[in-house]
Amino acid sequence: MIAKGFFIEPTIFTDVTPNMRMDREEIFEPVVALLKFSTEEEAIAIANDTEYGLGYGLFTQDVTRVHRVMPKIRDGIGWVNFYHPTFKKCLGGITNNQEQVENWDCMVSKITSK
């Protein structure tokens, strides 16, 4: 245990289900939780069943799926075949995290500054 919290080495958790605490609460990197799904609709439902909605990664070889699925996911930012918070200090989520609108100016500033 670290002085004010816990530390987990880079870890991949498999067989995680939507009712597990580690899926309902946020664990920041270097941890990833993998959930199984059977259909595209189920995957979208799992992705949207979040309190904070900070970000997500969509991994697929089907570009048509990207254009079909991404607009249906209600999260702050999404990446395709990649996952990295490019503007981490600027972005919030869009569900229970009110920082999204407040941080929009920060993100635009970082993108447009020289």
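This is a predicted model: local features need pLDDT of at least 70, side-chain atom pairs count only at pLDDT 80 or more; totals for chains, interfaces and linings use all residues.
1. Salt bridges first: the count comes to 4. One of them joins K36 and D15, with the closest N and O atoms 3.3 Å apart. K36 sits in the loop between β2 (31-35) and α2 while D15 is in strand β1, so this pair ties together parts that are 21 residues apart in sequence. Both K36 and D15 are exposed.

2. Next, have a look at D49 and R24, a salt bridge whose closest N and O atoms are 3.1 Å apart. This pair links distant parts of the chain, with D49 in the loop between α2 and β3 (56-58) and R24 in helix α1, 25 residues apart. D49 counts as partly exposed at 42% relative accessibility, and R24 as partly exposed at 35%.

3. Then there's R68 with E40, a salt bridge at 2.7 Å, N to O. It links helix α3 (R68) to helix α2 (E40) across 28 residues. E40 is buried, with a relative accessible area of 16%, whereas R68 is partly exposed at 33%. R65 joins in too: E40, R65 and R68 are linked in a network of salt bridges.

4. N48, in helix α2, is worth a click. At 12% relative accessibility, N48 counts as buried because the cut-off is under 20%. A polar atom of the N48 side chain lies 2.9 Å from the backbone oxygen of K72. Setting aside neighbours within four places in sequence, N48 is in contact with K72, I73 and R74.

5. I12 belongs to strand β1 (residues 11-16) and counts as exposed at 56% relative accessibility.

Key
Residues are numbered from 1 along each chain as its sequence is written. Side-chain values use heavy atoms; hydrogens and water are left out. Helices (H or I, at least four residues) and strands (E, at least two) are DSSP runs, numbered from the N terminus. Buried means under 20% relative accessible area, exposed over 50%, partly exposed in between (1.4 Å probe, protein chains only). A polar contact is a pair of N or O atoms within 3.5 Å; within protein, one must be able to donate a hydrogen and the other to accept it, and residues adjacent in sequence count only if both atoms are side-chain atoms. Contact means heavy atoms within 4.5 Å. A salt bridge is a side-chain nitrogen of Lys or Arg within 4 Å of a carboxyl oxygen of Asp or Glu.
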